[in-house]
Amino acid sequence: MDAAAGLPDAWSQVRAPLIVPLLQLSVAVCLGMAVLLFLERLYMGVVIVGVKLLRRTPERRYKCDPISEEDDPELGSAAFPVVLVQIPMFNEREVYHLSIGAVCGLTWPSDRLVVQVLDDSTDPIIKEMVRLECERWAHKGINITYQTREDRKGYKAGALKQGMKHGYVRECEYVVIFDADFQPNPDYLHRTIPYLHHNPQIALVQARWRFVNADECLMTRMQEMSLDYHFKVEQEVSSSVCAFFGFNGTAGVWRIAALNEAGGWNDRTTVEDMDLAIRASLKGWKFVYLGDVQVKSELPSTFKAFRFQQHRWSCGPANLFRKMLMEIVTNKKVTIWKKFHVIYNFFLVRKIVAHIVTFTFYCIIIPTTIFVPEVHIPKWGCVYIPSIITLLNSVGTPRSFHLLFFWILFENVMSLHRTKATLIGLLEAGRVNEWVVTEKLGNVLKMKSANKASTKKSFMRMWERLNIPELGVGAFLFSCGWYDVAFGKDNFFIYLFFQSMAFFVVGVGYVGTIVPQS
């Protein structure tokens with residue numbers, strides 16, 4: 001009883017000399033990071049407005065006349081460059097036929113198109129299904145090859161690198177990569193290749209992703225909002241200002257000469273696409289983003305798949321930043337402005353600060369200050385700046401403006417995993433090279449729904465859906481909210497209760513699509 005009675009006095013003695021200064025320092029650091037993120041978003045907003053007003057479209061900045069046999073009738077189809085299309089896949093039972101069918105339907109002279117299906121599948125049944133699909137298209141006259149490896153060394157980068165070693169690749173000028181769930185329109189090559197064909201300084205032409213399942217559930221709508229900002233603002237601005245952006249790993253066309261000059265595919269991180277793009281950029285090559293060329297793809301609709309994807313997308317860039325920082329700084333082929341853009345805008349603010357400040361400030365520091373009233377957070381830091389950043393992010397998806405409140409809560413929840421992954425990448429900790437292929441469902445839900453009358457329902461056990469970290473953070477925020485109700489003065493409890501509920505919902509697994517187990 002005496003020990004319990006002395007706890008308040010002990011807390012008071014520790015709080016003033018130790019807790020208060022540390023928390024004040026943490027608040028100052030987080031406010032600084034929030035300002036950096038705000039300025040970066042504001043810069044993006046101003047530039048994208050300027051790009052639209054000045055009409056700095058790729059068509060006006062680069063020559064992109066269509067390639068046609070009529071330009072030189074004697075050449076015929078030889079007027080078209082030879083294009084290699086690579087489709088890497090791993091156990092893609094539900095979607096393998098989508099990308100293969102779409103690629104084989106491209107309107108490009110058949111004798112100038114080479115298709116590689118790079119199958120790293122470990123399931124023999126799926127491997128046979130993919131092989132038979134390739135044979136089916138080969139019988140229709142498509143130059144398609146089915147290739148496998150003895151192991152998955154290097155994962156996707158290893159498969160793409162292996163595919164480039166064949167002798168016939170030397171006849172190809174360009175290489176296109178499509179993941180297994182991507183479905184290009186028939187005119188994709190006619191709209192992208194001319195930029196490379198007429199402009200020898202361009203190494204990469206990137207198309208935009210369009211999501212076929214954006215309306216499947218609330219989680220896919222949240223993803224659409226984040227990715228639309230990435231494509232419509234970040235990549236548009238980067239392409240217009242300094243002709244550099246991160247290759248998205250799919251739906252892009254590379255000049256093979258540029259790819260080889262940059263050193264080819266490298267599997268030192270889980271973001272081989274970003275790695276290649278930066279190395280090519282440091283060689284002086286330019287990139288072009290085509291926002292009006294859209295390729296259909298699928299968003300991960302289960303929380304497990306989305307969580308693994310976000311780990312890779314957050315851990316990989318942080319680890320690549322650690323490995324390439326000095327290489328970027330000492331490079332002599334690009335301007336200081338481009339170096340600054342890559343280091344500060346591309347890496348530091350977007351890939352590191354954005355993740356860390358979101359979770360640390362809004363889910364740890366702000367709730368903790370409730371227990372330490374001596375530490376005050378200005379309204380501009382905890383209200384105005386995040387509100388403006390949120391509004392600026394919403395420009396990419398106007399149709400989802402009414403979902404902004406849910407988007408904020410969901411992004412804060414996901415910042416837990418992104419922050420952890422970012423720190424793993426920076427420190428090169430245990431899971432730094434973890435590669436889990438994002439699960440695609442295709443039409444599996446429709447098929448299961450159609451058969452549900454004849455199939456016994458079997459739901460995932462509750463404990464298999466539980467996410468303990470989210471439940472822990474939710475409990476922390478909920479307790480902070482009640483303490484603020486009782487003793488606080490800043491009314492943070494309103495935000496804390498809503499945010500804790502978001503963590504609880506994700507923690508018990510009621511987010512995304514829940515696939516019935518059969």
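**Close-up views of a predicted model**

**View 1. The open sheet has seven strands in the order β3-β2-β1-β4-β6-β5-β7, with mixed pairing.** Strands β3 (144-148) and β7 (286-297) are the edges, each pairing on one side only. From one strand to the next, the twist averages 20 degrees. Strands are DSSP runs of E, at least two residues, and helices are runs of H or I, at least four residues, numbered from the N terminus; two strands pair if DSSP finds at least two bridges between them. The model is predicted: local features need pLDDT of at least 70 and side-chain atom pairs count only at pLDDT 80 or more, while totals for chains, interfaces and linings use all residues. Residues are numbered from 1 along each chain as its sequence is written, and side-chain values use heavy atoms, with hydrogens and water left out.

**View 2. Strands β1 (residues 83-89) and β4 (residues 174-177) run parallel and are joined by four bridges.** Val83 stands opposite Tyr174 in β4.

**View 3. Thr397 lies in the loop between α13 (379-393) and α14 (404-427).** Thr397 counts as buried because its relative accessibility is 4% (buried is under 20% relative accessible area, exposed over 50%, partly exposed in between; 1.4 Å probe, protein chains only). Its side chain makes a polar contact with the side chain of Asp228 (3.0 Å). A polar contact is a pair of N or O atoms within 3.5 Å; within protein, one must be able to donate a hydrogen and the other to accept it, and residues adjacent in sequence count only if both atoms are side-chain atoms.

Conventions. Axes are lines fitted to C-alpha atoms, for helices over the stretch in contact, and angles run from 0 to 180 degrees between N-to-C directions.
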